[in-house]
Amino acid sequence: MTISVHRLLAVPDWRESVQVLAGDVDRLVRLARPMAHDRSIEPGELVVVVQPIPATDWRVDALLRRIADAGGAGLLLPEGGLLETTRLLAERLNVPLLTSTAPPLDLLISARMLLAAPVLDRADLVLAVHDALGSRVRPPEEVVTTLRDLLDAPVALLDDSGALITGELPHATEVRVHEPVPQRTRLGEGILLAHPVLLLDTTRPALWLATELADRSAARADVVPPALSVAAAAVQRWLLTNRIELERDARSRAALLADLLRLDDEPTADLRRRAADAGWSLGGWHIGIRIGTQSAVDTVARSREVERVLRAEGVGAVVVEHGDGWTGWATSEQEPTADRVRSLAAQLRAATRELRRTLDVHVGVGRPHPQAEGLATTIAEATDAARMARTRPESGRFLHVDQLGMAQLLLEWTRTDTFEPAARTLIAPLRGQPGDLVRTLAAYLDAESSIAETAAVLGVHRNTVAARIERIERLLAVDLGHRDERLALHLACRAVTLAEGGDPS
Amino acid sequence: MQIGLADVPALERGVSLLGSGGGGDTVTATALLLSRLAAGHRTALTPVGELSGDARVVPIGVIGATAVFAEKLPSGAEFRAALAAIERWTGHRADALVSIEVGGLNGVVPLVVGGQLGLPVVDADLSGRGVPRLDQLSVAAAGKGLTPVVLAEPGGQVLVLAEGTSIEVERTARAFLAGSGGWAVLALAPIPASELPKCAIPGTMGAALSLGRQALSADAEELAAATGGRVLGLGRVVEVSRRPGPGEHGRTGFARGSATVRDHRSQSLLRLEMENEYLFAMRDGEPVASTPDVLAVLDHRTGVPILCDVIRRGVEVTVLQLPAAGFWTDPRRLQVLAPRAYGIDCDPVLLEVRR
């Protein structure tokens, strides 16, 4: 095994005490031995003078020459008293000449350890980091300071945009936050090392742990990444622990919300109590907000971001992870004025735009409704609006119920991907039959089941209409006198004619 | 061999080269010699072979802090006192003088003293170069022993060390110097001329003179080629460091130091380890030269050898390696001046080609 003199200089007890007076520090060291008077020097040998001989002794020069002739790797002497001649000679012979303030024997031992088992240095550091961070969950600030002390180098924790969270790092901006792999970047003489902190179910790092090794320490860059990885795991543990708390919290909030939405009576005292504990006020006027997104999105993890964006736009609202997205509402003491509602809608529209930078969301907003039962109503409206917003890119995936008549709302609802195929299936038996049965059915239902008016609308004889209705009822096996079936068929006709571009009237 | 006024610069250059960065500053001794010659006194070098076999030759020279020698000038009485003491102790008359160390000021001093005392000076010495310690003199290296030894310091004290090993003599002499004026005249027991070839290094004074002549007339490369030496480097001194030497027996030894030259052509780093002399050279961490070869650092502009204690950062220098005297490369004596004798744990790195 060979290592460079440069690498040796990064060994902790060498780094502090050894000075390079001359020679090429990239020279490879194969072995390190104490000087002995009458033995030959081997290629790649670093000769360590452990016995006290005067630094001015001519034998130091002779030794340098022997090292040069044998292809040795350098000479390490105790510091002090060395002649300029000796330094000039080392320079001339290009033999690394090192002096040390520490006992050379100690340095010899650490050099031999590194030569014998280069991984030991790494293992030592990993164990030290593990010992310091291992047993319990520690906040990231503590992880950063512990690691900084162990590495004797600046350490920082960055978020996924590269912004500093804690610690300090002169070249934090050099971390490439879009490449979720451990990184190593040259910085002139130094090296920047960064390790992503990943959560289990994402490839995008939540955080980055980074350190910078300056000058001499840079040669030790191969030792540090595993230690960084252990520390990153400690940060990850902290995140996961935090996450469990968030999840627990999110679950109880979602359950409370579900109970509130199911409410069709005055809320029970217990429910009121739970709402109060959650900091939700059930009294006053509520405006429901629904933020829908894809099922792949980790809603618990992104809740904070959603809350942050809403707050940034001036929307004070409760937000709860709910299904594939978030459900929320803004509450006010008094019935909100039209202006207030408009400005809230404008704020939410801006928030939607902001959220859509990183998240595929569609947002719906309900009308103001009072009290606990009003909450369910406005949320239901918001949910319908959000569902529509999803299919309407032209609205910026944002819809406010106030902007829609209820009829339009209903029609919009029939346009959904789920309803339309169902509608087609429902009236499929009428297709391909003689007589314009679909149009007849639509007109009949529009005319409130009046055969005379239907005949007038269609411009046919009323007997014809009656016969067609009879056929329709037979083909579809329905009773048009039954209100539910009538409603279903009415919607289906609308959906199909709308989809086909026909005029429903 | 007559030494005339015109020969003095060559002699001075030669002995300071052989000092290998040590041996003391020659300026004062040279001035004394010049004034004697200018006053009409005659000075000569006598080859060993011209002496009769039983002639007694007294080794003489100055030891200690030679920088003090320049400040506290000799009166001449110290030499006379030292000679008188050794003659009295051994009961032998001195017939001639020989330098204890050709490298540095002791390459010149005996010529001055010989004239004053009326004794011939033999063309030989006990070092062949600059050496820092008494136990490294050739008589000690040859196993003859140093004692009896006389030390006479300018304050008037005269010390006779009758018995003791060479190392003890060295240690006692240093203690005496520390307690007196910083330098002293050293005289050893007279040596019969017939024994000189075995325990001294003949011909070194004449050799220093001719080395000096070559040095004055040629550049460093040519000098190296002519003397069997070589140029180790040519460049600027980038660092000089001095530090207390390793102590022995609870006393600090000579100060140690190193000087590094970056070669202009190859950009290689030449590091010189020094004590009192330049002892050892490494190029880019590899040993390339050592004592007992002579290592001389010359001012690049003037060619004047730069002593160890004055070399400083920023000067342009040429570094020369000159071959050691054959006396020292003999395996029986090599360890006396080898790097390990100075506490440098390295085998000698010597020039292959000998004169």
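Q: Which elements of chain A each supply at least two residues of the lining of the largest pocket?
A: Rolling a probe the size of a water molecule over the atoms shows where empty space is left. In this predicted model, helix 7 (140–151), strand 8 (155–159), helix 8 and helix 10 of chain A each supply at least two residues of that lining. Helix 10 of chain A gives the most, with 8 residues. The volume of the largest pocket is about 1,200 Å³.

Q: Which residues lie nearest the centre of the largest pocket, and how does its lining divide by class?
A: Of the 34 lining residues, A:Asp160, A:Leu199, A:Ala206, A:Ala301 and A:Arg302 lie nearest the centre. The lining has 15 nonpolar, 5 polar and 14 charged residues.

Q: Why does the largest pocket lie between domain 2 and domain 3 of chain A?
A: Both domain 2 (134–239) and domain 3 (267–400) of chain A give residues to the lining, so the pocket lies between them.

Q: What is the strand order of the open sheet in chain A?
A: The 5 strands follow the order 14-15-13-16-17, with mixed pairing. Strand 14 (318–321) and strand 17 (398–400) of chain A each have a single partner strand, so one side of each is left without a neighbour in the sheet. From one strand to the next, the twist averages 15°.

Q: Which strands does helix 10 of chain A lie across?
A: Helix 10 (residues 299–312) of chain A lies across strand 13 (285–292), strand 14 and strand 15 of chain A, at about 160° to strand 14. Strand 14 and strand 15 (residues 325–332) of chain A run antiparallel and are joined by 4 bridges.

Notes:
Residues are numbered from 1 along each chain as its sequence is written. Chains are lettered from A and ligands numbered from 1 in the order in which they are written. This is a predicted model: local features need pLDDT of at least 70, side-chain atom pairs count only at pLDDT 80 or more; totals for chains, interfaces and linings use all residues. Side-chain values use heavy atoms; hydrogens and water are left out. Two strands pair if DSSP finds at least two bridges between them. Axes are lines fitted to C-alpha atoms, for helices over the stretch in contact, and angles run from 0 to 180 degrees between N-to-C directions. Contact means heavy atoms within 4.5 Å. On a 1 Å grid over the protein atoms alone, a cavity is a set of points where a 1.4 Å probe fits but cannot get out, and a pocket is an open set with protein on both sides within 12 Å along at least five of seven lines; lining residues have an atom within 4 Å of a point. Grid points are joined across faces, edges and corners, and a volume is the space filled by probe spheres set on the points. Ala, Val, Leu, Ile, Met, Phe, Trp, Tyr, Cys and Pro count as nonpolar, Asp, Glu, Lys and Arg as charged, and the others, Gly among them, as polar. Domain bounds come from an automatic or database domain assignment.
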